[in-house]
Amino acid sequence: MSGGDEAGRLVRPFALTGGRTRPSRADFTLITTVTAVDPPPDRTTRPQPEHGRMLRLCARPVAVAELAAHLDLPVSVVVIMLCDLLEAGLITARPPRSVTGAPDLDLLQKVRDGLGRI
């Protein structure tokens, strides 16, 4: 018995979320940008090791999907853990910028034509 799963994790994903299967907030999409607060708030509890790893990866702005890939965890687990960090005031979350106006049809045509030559 090895003690870990195929990915080498010693802690199962459901243990990382405390058994929760749904996030406590709806702030996160795959392309939400997450950044660690620097300096961290004074009155925070010490994060769990997995949360600490997330905070180190969030030292620079990172998308939720990219963070999940770096951690080798399902996005759903990462989102639940990010909710914990957001509620503790340890991260900020920025939704993706909305694109206003119509797409540049000329540019889209050039891309389509270019892809047709591949």
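Biologist: What should I know about the model before I start?

Modeller: It is predicted, so local features need pLDDT of at least 70 and side-chain atom pairs count only at pLDDT 80 or more, while totals for chains, interfaces and linings use all residues. Residues are numbered from 1 along each chain as its sequence is written, and side-chain values use heavy atoms, with hydrogens and water left out.

Biologist: At what angle do α2 and α3 pack?

Modeller: Axes are lines fitted to C-alpha atoms, for helices over the stretch in contact, and angles run from 0 to 180 degrees between N-to-C directions. Helices are DSSP runs of H or I with at least four residues, strands are runs of E with at least two, and both are numbered from the N terminus. Here α2 (residues 49-57) and α3 (residues 64-71) pack at about 125°, their axes 11 Å apart. That makes α2 oblique to α3; angles under 35 degrees count as roughly parallel, over 145 as roughly antiparallel, 65 to 115 as roughly perpendicular and the rest as oblique.

Biologist: Which residues of α2 and α3 meet?

Modeller: Contact means heavy atoms within 4.5 Å. R53, M54 and L57 of α2 meet L67, H70 and L71 of α3.

Biologist: And how do α2 and α4 pack?

Modeller: Their angle is about 85°, again with axes 11 Å apart, so α2 and α4 are roughly perpendicular. On the α2 side the contact uses E50, H51, M54 and L55, and on the α4 side V78, M81, L82, D84 and L85.

Biologist: Which peptide bond is cis?

Modeller: The one from D38 to P39, with omega near 0°. P39 sits in the loop between β1 (33-36) and α2.

Biologist: How many salt bridges does the structure hold?

Modeller: A salt bridge is a side-chain nitrogen of Lys or Arg within 4 Å of a carboxyl oxygen of Asp or Glu. There are 3 in the structure. One of them joins R60 to E66, with the closest N and O atoms 3.1 Å apart. Another pairs D106 with K110 at 3.5 Å; both lie in helix α5 (residues 105-116), 4 residues apart, about one turn of the helix.

Biologist: Is K110 buried or exposed?

Modeller: Buried means under 20% relative accessible area, exposed over 50%, and partly exposed in between (1.4 Å probe, protein chains only). K110, at 52%, counts as exposed, whereas D106, at 47%, counts as partly exposed.
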